[in-house]
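Here is a short briefing to read alongside the model. Keep the sequence and the 3D view open as you go through the points.

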Amino acid sequence: MINRRFNKSVSHSKLRLHSSERNTKWGKLFMDYKKSITEEDIKFYPNTDELIPYVSNFYGNDNFLMGFGSDRCIKYFFEANTKPHWFKGKRNLVITNPTFPMYGIYGHMFGTKIKTIDYNIIKFPIETFIKSINSNSIVVISNPSSPIGDIIERDDIIRILDKGVPTLIDEAYIEFSNQKSCLDLINEYSNLYVTRTLSKAHGSAGVRFGTIFSQEGNIKKMNQYRDMYEISGPTFKWVQLLCKNKELSDSYIRDVKDIRGKLLISLYDKGVKFIPSESNWFHIREIDLPQLPKNVELRKNCTIPQRGNDWVRLQITDNIKDYDWILK
C-alpha cells in the first residue's frame with residue numbers, strides 16, 4: 001500500500017498563497033471562453049488532435065503527448081521506461097530529497113528502487129547526484145526545483161543527460177526563472193523527456209492540462225499508454241483560447257517576477273531573512289511573519305534541509321497589494 005497525503009480543501013474566496021495558482025481574474029479572456037463553450041463540448045468526446053497545432057506553436061515543438069495535468073504526463077514517462085517488456089529488471093529511480101512527492105509515488109507504483117539524494121541546504125547536489133546514476137537508472141528532476149526553488153545549471157543538466165539513461169526534467173515553473181528550457185536539447189538527446197504545464201505560469205490549474213516532450217520514438221512508445229481521451233471538451237476550448245493569447249500569460253509572468261523582486265528587496269531592507277527562489281514563491285520563517293489575516297492561506301511547516309521545519313512558502317502574485325499585511 002502506497003501512503004498518500006492530500007492537501008486540505010481551501011476556500012476559493014481566500015487569497016490562496018499556498019498553491020502556486022493564479023489569483024488574478026482573467027477578465028475578457030474568460031468572458032470569451034464562456035461564449036465559446038457549446039452544448040457539443042459537453043455531449044461529445046473532444047477531437048483532441050485538433051488541438052495539436054495550437055500546442056505545438058505555443059511551445060515550439062511538435063513531438064509531445066497531452067495529459068490531464070503534467071502529473072499524468074510524468075506517469076507516461078514511468079510507464080514507458082519501467083514496464084517489463086521495455087526493460088528487463090528493476091530500475092533505480094534517482095531523485096532528490098526533498099522533491100515533488102509524485103516522483104516517489106510513481107517510483108513505488110512501478111516497482112523501482114528509489115535512490116534519494118539529499119539537498120545541501122538550498123543547492124542541488126550535482127556531484128552526489130551524478131555519482132548515483134548507473135546504467136540501470138532513470139532520473140527525474142524538476143527545474144526550477146520543487147519545493148526549494150533553485151535552478152539546476154544547464155551544464156549540469158547536460159552532464160546528467162550524458163549518462164545516457166532516461167531522464168525527465170519537470171519544468172512546471174520554468175517560466176518564472178531566468179533559465180532556458182531544455183526543449184531545445186531534445187533533438188540531441190534521445191534519453192531526454194520534458195514536461196510542461198499550464199497550471200502555474202499560465203494560471204490554468206483548474207483545467208488540468210500538461211504536456212510531455214521527447215523524440216518521436218519515445219512519444220510513440222508512450223502513446224501506447226495514452227488515455228482514451230486525454231482532456232475534456234471544456235479544457236480543449238480553454239487551452240485553444242489560451243494558446244491564441246499567450247501575450248496575456250507573458251504579461252502575468254513579468255508582473256510576478258517584478259513583485260518577487262520588490263518583496264525580496266523590502267524584506268532585505270527590514271532585515272528579515274528569507275530563502276529566495278527562481279519560482280513564484282520564496283521561503284520565510286514563520287516567526288518573522290506578522291499576524292496572518294484570516295482571508296490569507298499559506299503553506300506552513302515547510303522543511304529546508306539543515307535549516308529546520310519552521311518555514312513558510314510564500315507564493316508570489318502579480319499584485320503588490322496582496323502583501324500589504326507584510327510590508328506595512
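Is serine 137 buried or exposed? Serine 137 is buried, with a relative accessible area of 0%; buried means under 20% relative accessible area, exposed means over 50%, and partly exposed lies in between (1.4 Å probe, protein chains only). Please bear in mind that this is a predicted model, in which local features need pLDDT of at least 70 and side-chain atom pairs count only at pLDDT 80 or more, while totals for chains, interfaces and linings use all residues. Residues are numbered from 1 along each chain as its sequence is written, and side-chain values use heavy atoms, with hydrogens and water left out.

**Around serine 137**

- Serine 137 lies in strand β5 (residues 137–142); helices (H or I, at least four residues) and strands (E, at least two) are DSSP runs, numbered from the N terminus.
- The side chain of serine 137 comes to 2.9 Å from the backbone nitrogen of asparagine 134. This is a polar contact, a pair of N or O atoms within 3.5 Å; within protein, one must be able to donate a hydrogen and the other to accept it, and residues adjacent in sequence count only if both atoms are side-chain atoms.
- Leaving aside residues up to four places away in sequence, serine 137 touches Arg91, Asn92, Val94, Ser132, Val165 and Pro166, where contact means heavy atoms within 4.5 Å.

- Six of the six residues of β7 are buried.
- Leu192, Val194 and Arg196 point one way from β7, and Tyr193, Thr195 and Thr197 point the other way. In a regular strand, side chains alternate between the two faces of the sheet.
- β6 and β7 run parallel and are joined by four bridges; two strands pair if DSSP finds at least two bridges between them.
- β7 also pairs with strand β8 (residues 210–213), in the antiparallel sense and over four bridges.
- Threonine 195 of β7 stands opposite aspartate 170, and isoleucine 212 is the bridge partner of threonine 195 in β8.

**The five-stranded sheet**

- An open sheet of five strands has the order β1-β11-β12-β10-β9, with mixed pairing.
- Its edge strands, each pairing on one side only, are β1 (15–17) and β9 (274–275).
- Helix α10 (residues 246–269) packs on this sheet and touches β9 and β10 (281–285). The direction of α10 makes about 20° with that of β10; axes are lines fitted to C-alpha atoms, for helices over the stretch in contact, and angles run from 0 to 180 degrees between N-to-C directions.
- Strands β11 (residues 296–304) and β12 (residues 308–315) run antiparallel, joined by three bridges.
- Isoleucine 304 has glycine 308 as its bridge partner in β12.

**Salt bridges**

- The count comes to 21 salt bridges, each being a side-chain nitrogen of Lys or Arg within 4 Å of a carboxyl oxygen of Asp or Glu.
- Glutamate 175 and arginine 196 meet in a salt bridge (3.1 Å, N to O). This pair links distant parts of the chain: glutamate 175 is in the loop between β6 (167–170) and β7 (192–197), and arginine 196 is in β7, 21 residues apart. Both glutamate 175 and arginine 196 are buried.
- Aspartate 156 and arginine 159 form a salt bridge at 3.6 Å, N to O, and both lie in helix α7 (residues 154–161), three residues apart.
- Asp49, Arg226 and Glu230 are linked in a network of salt bridges. Glutamate 230 is buried at 3% relative accessibility, whereas arginine 226 is partly exposed at 31%.
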